[in-house]
Amino acid sequence: MDSGLTSEQIDHFAHKLREQQAELKAREKEGASWRGPVELDQQSVGRLSRMDAMQQQEMAQAEARRRISDLARIEMALNRIAEDEYGWCAECGEPIAYGRLEIDPAAHLCISCAR
């Protein structure tokens with residue numbers, strides 16, 4: 001299928017996707033310590049400090065869920081590239097605009113179907 005994208009453009013998007021993938025995986029390693037259990041130790045951590053730690057933990061867990069979702073979207077986009085289906089809307093089958101892919105290379109819907 002020819003999505004109207006040149007092989008150079010597809011290579012460009014594949015490179016962007018791999019860069020995003022590497023960045024997300026690096027952030028995953030950095031954030032692992034924040035997602036662990038918050039221990040109750042009234043000697044070293046007061047009640048408000050523990051609540052703050054629990055809030056930070058919840059935010060880290062939410063960020064991890066977003067990261068997992070983003071990694072899955074990137075993986076699916078890389079699979080579409082490998083299968084020569086990249087650049088086509090999964091809903092209507094029309095080409096996805098270059099500008100939309102430039103903003104979100106993992107997009108799998110054209111702008112009309114994404115609404």
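Is R73 buried, partly exposed or exposed? R73 is partly exposed, with a relative accessible area of 26%; here buried means under 20% relative accessible area, exposed over 50%, and partly exposed in between (1.4 Å probe, protein chains only). Welcome to a predicted model, in which local features need pLDDT of at least 70, side-chain atom pairs count only at pLDDT 80 or more, and totals for chains, interfaces and linings use all residues. Residues are numbered from 1 along each chain as its sequence is written, and side-chain values use heavy atoms, with hydrogens and water left out.

**Salt bridges overall**
- Six salt bridges turn up in a search of the whole structure, each being a side-chain nitrogen of Lys or Arg within 4 Å of a carboxyl oxygen of Asp or Glu.

**Linking separate parts**
- R73 pairs with D104 in a salt bridge whose closest N and O atoms are 2.6 Å apart.
- R73 sits in helix 2 (residues 47-82) and D104 in the loop between helix 3 (98-103) and helix 4 (111-114), so this pair ties together parts 31 residues apart in sequence. Helices are DSSP runs (H or I, at least four residues), numbered from the N terminus.
- D104 is also partly exposed, at 23% relative accessible area.
- Salt bridges with shared partners join E28, E63 and R67 into one network.

**Within helix 1**
- E23 and R27 form a salt bridge, with 3.4 Å between the closest N and O atoms.
- Both residues lie in helix 1 (residues 7-31), four residues apart, about one turn of the helix.
- E23 is partly exposed at 46% relative accessibility, and R27 is partly exposed at 34%.

**One more pair**
- E58 and R65 meet through their side chains in a salt bridge (3.4 Å, N to O).
- E58 counts as partly exposed, at 42% relative accessibility.

Note on methods:
Helix = DSSP H or I, 4+ residues; strand = E, 2+ residues; numbered from the N terminus.
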